[in-house]
There are 2 protein chains.
Amino acid sequence: MTKIKVYSNILKANDNIAQRNRKLFKDNKVYTINLMSSPGSGKTSLLEKTIALLKDEVKMAVLVGDLQTTNDAQRIEQYGIPVVQINTDGACHLDANMVESTLPSFNFREIELFIIENIGNLVCPADFDLGEEDRVIMVSVPEGDDKPIKYPVMFYQAKLLLINKIDLLPYTNFDMNRIKKDALKINPRMRILEISCYTGEGIVYWINWLKEQMKNKFTN
Amino acid sequence: MTKIKVYSNILKANDNIAQRNRKLFKDNKVYTINLMSSPGSGKTSLLEKTIALLKDEVKMAVLVGDLQTTNDAQRIEQYGIPVVQINTDGACHLDANMVESTLPSFNFREIELFIIENIGNLVCPADFDLGEEDRVIMVSVPEGDDKPIKYPVMFYQAKLLLINKIDLLPYTNFDMNRIKKDALKINPRMRILEISCYTGEGIVYWINWLKEQMKNKFTN
């Protein structure tokens with residue numbers, strides 16, 4: 001009982017800060033995504049592809065969460081866009097407070113698209129609103145087609161599901177119809193795209209989706 | 001500050017219960033493993049292979065943790081060994097109390113090997129002692145070779161690292177030397193085995209490792 005109360009207080013405090021973050025993004029017309037997946041599904045690879053394809057057209061910045069290293073931020077830094085790394089020192093998710101503390105490092109008047117790469121974890125990040133506009137969840141083919149029914153909260157809240165590593169489909173028994181059916185049962189309005197960050201297949205649909213969101217957001 | 005105190009109290013309470021579980025396992029000469037990995041690394045597939053190969057020789061039982069479904073337990077049940085499922089209803093790890101609550105369902109006088117399949121998560125389960133004898137961590141090839149440096153706590157505590165899905169090595173840029181080097185830097189005494197639950201390659205070494213542990217434990 002006590003545990004639950006502590007946790008609900010933590011979540012309430014988090015939501016208040018998330019609202020402040022959200023207002024700042026909105027005031028500056030920044031479209032913000034919270035990108036979540038298991039460890040090793042390909043979040044950083046997706047960011048690399050996205051930056052390479054979009055950075056001349058869209059002003060981007062990235063916030064990278066990790067438990068310990070700065071490897072992911074280093075991978076992104078070489079593309080020449082603003083990137084900040086949060087090291088959670090063992091914590092299993094980003095929260096709104098961590099995100100808020102990094103915001104002065106960015107000049108949001110010069111940013112149109114802000115992507116937050118969460119900690120690799122299919123459970124805990126789902127509980128913490130960061131102030132993002134939309135959530136994107138990524139699952140990779142070798143993880144198996146049973147992820148939506150086993151981790152439903154993540155899927156319930158996402159606007160888009162990216163199924164990555166489709167280049168490995170011939171070498172696994174992944175059932176594409178099954179995962180789509182299960183995911184849509186949890187969240188019928190979710191869009192689903194099949195991609196491979198390794199071969200580049202399908203990435204264009206993800207880029208188009210991003211542009212579509214940004215257009216809808218700021219022309220209404 | 002308050003948050004940290006609450007967490008350390010939770011962990012202390014957990015450790016007390018874990019000690020009770022450990023005593024029960026020891027008194028009954030049950031060798032207990034806490035099996036941990038990301039979602040979809042292949043924990044349940046490993047259990048299926050292990051049971052099929054060992055069940056006529058070793059008396060086994062399995063405890064399966066999952067957020068929601070009973071799919072994993074159903075997969076294991078068909079092999080005819082005792083299996084209990086814990087649904088954490090969204091919680092990101094098993095704790096000693098959850099494990100203790102299931103123990104009356106097992107007849108430990110008739111069990112020599114007890115495997116606890118933890119929630120798919122490379123972060124939170126590391127903090128919670130369940131009363132196990134040894135921890136085994138599994139990483140799969142498509143997750144990437146950077147997992148030890150990004151999630152060091154898990155690796156620091158494990159006795160064995162299983163690198164699964166080596167059948168996918170030809171289709172990825174996974175660096176086997178790098179992951180082994182990084183893992184051994186964190187934990188020089190950890191054993192590392194390469195396996196494929198899909199093709200069966202290397203599984204015999206895992207089975208031999210299990211037998212060796214059980215022999216060493218109960219003949220001294």
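1. B:Lys165 is buried, with 28 other C-beta atoms within 10 Å. The cut-offs are these: a residue is buried if 20 or more other C-beta atoms lie within 10 Å of its own, exposed if 12 or fewer, and partly exposed in between, with C-beta atoms placed from the backbone. B:Lys165 sits in the loop between E6 and helix H7 (176-186) of chain B. B:Lys165 is not a glycine, yet its phi is positive, about 65°.

2. A word on the source. This is a predicted model, in which local features need pLDDT of at least 70 and side-chain atom pairs count only at pLDDT 80 or more, while totals for chains, interfaces and linings use all residues. Residues are numbered from 1 along each chain as its sequence is written, and chains are lettered from A and ligands numbered from 1 in the order in which they are written.

3. Now take B:Asp89. It also has a positive phi, about 55°, although it is not a glycine. Is B:Asp89 buried or exposed? B:Asp89 counts as exposed, with 8 C-beta neighbours inside 10 Å. Its place is the loop between E3 and helix H4 (96-102) of chain B. Helices (H or I, at least four residues) and strands (E, at least two) are DSSP runs, numbered from the N terminus.

4. Next, the sheet of chain B. It is open, has 7 strands in the order E3-E2-E4-E1-E5-E6-E7, and its pairing is parallel. Two strands pair if DSSP finds at least two bridges between them. Strand E3 (83-87) and strand E7 (191-194) of chain B are the edge strands, and each pairs on one side only. Neighbouring strands are turned by 20° against each other on average, direction ignored. Axes here are lines fitted to C-alpha atoms, for helices over the stretch in contact, and angles run from 0 to 180 degrees between N-to-C directions.

5. Look at E4(B). 5 of the 5 residues of E4(B) are buried, so this strand is largely enclosed by the rest of the structure. B:Leu113, B:Ile115 and B:Glu117 point one way, B:Phe114 and B:Ile116 point the other way, and all are buried. E4(B) is joined to E1(B) by 5 bridges, in parallel. There, B:Tyr31 has B:Leu113 as its bridge partner. E2(B) is also joined to E4(B) by 5 bridges, again in parallel. B:Val62 has B:Ile115 as its partner in E4(B).

6. Further along, strand E5 (residues 134-140) and strand E6 (residues 160-164) of chain B pair in the parallel sense over 5 bridges. B:Val136 has B:Leu160 as its bridge partner in E6(B). Helix H2 (residues 43-54) of chain B lies across strand E1 (31-37), strand E2 (60-66), strand E4 (113-117) and E5 of chain B, running at about 165° to E4(B). Two residues are in contact if their C-beta atoms, placed from the backbone, lie within 7 Å.

7. Turn to chain A. Its open sheet of 7 strands has the order E3-E2-E4-E1-E5-E6-E7, with parallel pairing. How is E1(A) placed in the structure? 7 of the 7 residues of E1(A) are buried, so E1(A) is largely enclosed by the rest of the structure. Both faces are covered: A:Tyr31, A:Ile33, A:Leu35 and A:Ser37 are buried on one side, and A:Thr32, A:Asn34 and A:Met36 are buried on the other.

8. E1(A) has 5 parallel bridges to E4(A). Across that pairing, A:Asn34 stands opposite A:Ile116. E1(A) also has 5 parallel bridges to E5(A). A:Ile33 has A:Asp134 as its bridge partner there. Elsewhere in the sheet, strand E2 (residues 60-66) of chain A is joined to E3(A) by 5 bridges, in parallel. A:Val62 stands opposite A:Val83 in E3(A).

9. How do the two chains relate? A rotation of 180° with 0.0 Å of shift along its axis superposes chain B on chain A (RMSD 0.0 Å). That is the relation of a two-fold axis. The superposition is by least squares on the C-alpha atoms of residues with pLDDT of at least 70 in both copies.

10. Last, the contact itself. It takes 34 residues from chain B and 34 residues from chain A. Helix H1 (2-27), helix H5 (147-150) and helix H6 (152-157) of chain B each supply at least two residues of the side that touches chain A. 100% of the interface residues of chain B are also interface residues in chain A, so the copies meet through the same surface.
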